[in-house]
Amino acid sequence: MAIKLIIFDFDGTLVDTALDITVAANRLMSHYGLPPLTFDEVRTHIGHGFTPFIRKIADKEAKENKNETKPPALDLSQEVFDLFQKFYDEKLMPQTTFYEGAEKFLVDFQNHPHTKIGIVSNKPEYQVRIILKGLKVDESHLVQIYGGDTFEVKKPHPKPLQQMMSLANARPKETVMIGDSQADIEAAKAAGTHFIAVSFGYNTVETLKSFGATNFIYHFDELVKSLESLGVALA
């Protein structure tokens with residue numbers, strides 16, 4: 001069986017965005033009068049998804065605010081999220097870089113005759129596209145780019161992966177998802193695709209194993225060999 005489609009997660013898989021996210025997160029913390037987060041704390045939040053982080057700040061703000069006219073915590077979560085995105089958009093990628101070997105892999109495969117590449121992130125789609133443009137990635141060689149706001153659902157829901165497979169005319173057993181989070185693992189499982197975890201993202205190998213990951217790469221140079229270890233080959 002040949003692999004026709006490789007779907008990459010974005011943050012923590014193709015690119016390391018943690019430094020720029022840390023800057024935005026600490027601007028958010030300062031805005032709400034909260035102590036700054038360490039870089040490692042921010043990496044942990046990214047690894048588990050930013051929604052719990054946003055809700056935690058919103059809950060703290062709601063409890064400390066004595067004004068009865070203040071919106072409920074659910075609405076405040078949206079306010080906090082929007083403010084974080086504003087801070088992040090203002091300095092989206094000064095320190096964001098590809099993981100070692102990732103750019104070369106994309107370049108090597110941009111004209112592959114049979115195996116296609118797509119990106120499915122839970123980051124807003126426009127941010128993914130801005131970062132790729134800043135890193136000089138030619139989007140025309142990608143099947144598609146989906147963000148967390150492209151559909152009404154996002155990973156771990158399988159829909160983004162299923163839509164990507166439909167565009168690439170690839171079946172689940174001809175598709176591999178590559179990522180660094182529980183959402184990536186569960187999305188791949190729900191969509192019926194292969195899955196390869198990266199060891200260098202925002203979750204540890206031990207954590208990823210606890211989520212069910214069994215196949216890992218420790219550098220992008222290992223990706224082709226890892227695909228072969230699944231009993232498949234590139235188309």
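Modeller: Buried means under 20% relative accessible area, exposed over 50%, and partly exposed in between, using a 1.4 Å probe and protein chains only. This is a predicted model, where local features need pLDDT of at least 70, side-chain atom pairs count only at pLDDT 80 or more, and totals for chains, interfaces and linings use all residues. Residues are numbered from 1 along each chain as its sequence is written, and side-chain values use heavy atoms, with hydrogens and water left out.

Biologist: Is A18 buried or exposed?

Modeller: A18 lies in helix α1 (residues 18-31). Helices here are DSSP runs of H or I with at least four residues, strands are runs of E with at least two, and both are numbered from the N terminus. The relative accessibility of A18 is 0%, so A18 counts as buried.

Biologist: Which residues is A18 in contact with, leaving aside neighbours within four places in sequence?

Modeller: Contact means heavy atoms within 4.5 Å. A18 and H45 are 27 residues apart in sequence, and their C-alpha atoms are 9.9 Å apart. The contacts of A18 beyond four places in sequence are F39, V42, R43, I46 and Y202.

Biologist: How are α1 and α3 oriented to each other?

Modeller: Two packed helices are described by the angle between their axes and the distance between the axes. Axes are lines fitted to C-alpha atoms, for helices over the stretch in contact, with angles from 0 to 180 degrees between N-to-C directions. The axes of α1 and α3 come within 12 Å and cross at roughly 15°. Angles under 35 degrees count as roughly parallel, over 145 as roughly antiparallel, 65 to 115 as roughly perpendicular and the rest as oblique, so α1 and α3 are roughly parallel.

Biologist: Which residues make the contact between α1 and α3?

Modeller: Both helices contribute side by side in the list. From α1 come I21, A25, L28 and M29, and from α3 come F50, F53, I54 and I57.

Biologist: How far apart are the end C-alpha atoms of helix α3?

Modeller: Helix α3 covers residues 50-64, which is 15 residues. The expected span is 1.5 Å times one less than the number of residues. That gives 21 Å for α3, and the end C-alpha atoms agree, at 21 Å.

Biologist: How do α7 and α8 lie to each other?

Modeller: The axes of helix α7 (residues 159-168) and helix α8 (residues 182-191) come within 8 Å and cross at roughly 55°. That makes α7 and α8 oblique.
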